[in-house]
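Welcome! Take a moment to look over the sequence and the model, and then we can walk through them together.

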Amino acid sequence: YCRGNRAGVLCGSCKAGYSQLYSSAGCAPDETCGQTWYYPLAVIFALVLALYFLYWKAASTSGMGGSLVNFYQIVPFVFVSVTEGDLWEQGISDVFNLRVPFHRTGHSSGGEHVTGLCPIVGLSSVGKIVLHLFVPVLLAIALTVLYIVETRVLRRQGSRERFAVASLELAMLAYVSVLESTFSLLHCVPVKG
């Protein structure tokens, strides 16, 4: 017997008519999935983060920003798990690991209440891992577009160094999320002999 509307070998997939939740191990009915508000929110999140690193952080001389980023990237490794009740801590951790933090919605199905975001109907566990790469890819696109606008359209000089520093800082911020997703995709374990 599998909980959370899961089925299959080691409860590794969702029942028919259910989709994997993005932010938890549960499954939600397909009719509650396809939450399209997530995509504009992710684009805005990536754009605000890119603008922060390009303009506000570039003007700051304090090392506080780097210390905060390093701390919250380490938090998931220090704490074994964050419970559903600790949404504030989970949200902060998500921001610094480049995941959109607004992902707590409830679904009731079959007497069970599951919490999470269901942005794609039919989302599988592998698709969920690939979706973790969405914000880092959006950040790269946002930086590229902002660079083109500033250097080609607005014809501002001296932008190259600022964009190089922002790109390097965002790459250092994104590597944890990218490597975690990549290694999760590469770590295949056969369960049927």
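## A left-handed link

The link of Cys14 and Cys27 is left-handed, with -80° about its S-S bond. This pair brings together distant parts of the chain, as Cys14 sits in strand β2 (residues 13–14) and Cys27 in strand β4 (residues 27–29), 13 residues apart. The S to S distance of the Cys14 and Cys27 disulfide is 2.0 Å; a disulfide here is a pair of cysteine sulfur atoms within 2.5 Å. In general, a disulfide is a covalent bond between the sulfur atoms of two cysteines.

Are these two cysteines buried or exposed? Cys14 counts as buried because its relative accessibility is 17%, and Cys27 counts as buried because its value is 0%. Buried means under 20% relative accessible area, exposed means over 50%, and partly exposed lies in between, with a 1.4 Å probe and protein chains only.

## About the model

What you are viewing is a predicted model, in which local features need pLDDT of at least 70 and side-chain atom pairs count only at pLDDT 80 or more, while totals for chains, interfaces and linings use all residues. Residues are numbered from 1 along each chain as its sequence is written, and side-chain values use heavy atoms, with hydrogens and water left out.

## The other disulfides

Cys2 is buried, because its relative accessibility is 15%, whereas Cys11 counts as partly exposed because its value is 25%. You can find Cys11 in the loop between β1 (6–7) and β2, where its phi is near 55°, a positive value in a residue other than glycine.

Another disulfide joins Cys33 to Cys118, with 1.8 Å from S to S. Here the torsion about the S-S bond is about 85°, so the Cys33 and Cys118 link is right-handed. Cys33 lies in the loop between β4 and α1 (38–59), and Cys118 in the loop between β6 (112–115) and α4 (125–131), so the pair ties together parts that are 85 residues apart in sequence. Cys33 and Cys118 are both buried.

## The overall layout

Stepping back, the chain has six helices and six strands. Helices (H or I, at least four residues) and strands (E, at least two) are DSSP runs, numbered from the N terminus. Along the sequence, the pattern reads β-β-β-β-α-α-α-β-β-α-α-α. Of the 193 residues in the chain, 38% are buried.

The largest nonpolar core has 22 residues. Such a core is a set of buried Ala, Val, Leu, Ile, Met, Phe, Trp, Tyr and Cys residues joined through side-chain atoms within 4.5 Å. Which helices supply at least two residues each to this core? They include α1, α5 and α6 (159–186), and α1 gives the largest share, eight residues. Among the residues with the most contacts inside the core are Leu49, Phe53, Leu139 and Leu170.

Helix α5 has 20 residues and reaches 27 Å from its first C-alpha to its last, close to the 28 Å expected at 1.5 Å a residue; the expected span is 1.5 Å times one less than the number of residues. The buried residues of α5 include Val135, Leu138, Leu139, Leu143 and Glu150. Val153 also lies in this helix (residues 134–153), but Val153 counts as exposed because its relative accessibility is 59%.

Val153 belongs to a nonpolar surface patch with Val137, Ile141, Val145, Val149 and Leu154, and together these residues have about 510 Å² of accessible area. Patches are made of residues with over 30% relative accessible area and no salt bridge, with like charges joined within 9 Å and nonpolar side chains (Val, Leu, Ile, Met, Phe, Trp, Tyr) within 5 Å. A salt bridge is a side-chain nitrogen of Lys or Arg within 4 Å of a carboxyl oxygen of Asp or Glu. Areas come from the Shrake-Rupley method with a 1.4 Å probe; for residues, only the protein chains shown count as cover.

Most residues other than glycine have a negative phi. Arg155 is in the loop between α5 and α6, and Arg155 counts as exposed because its relative accessibility is 62%.
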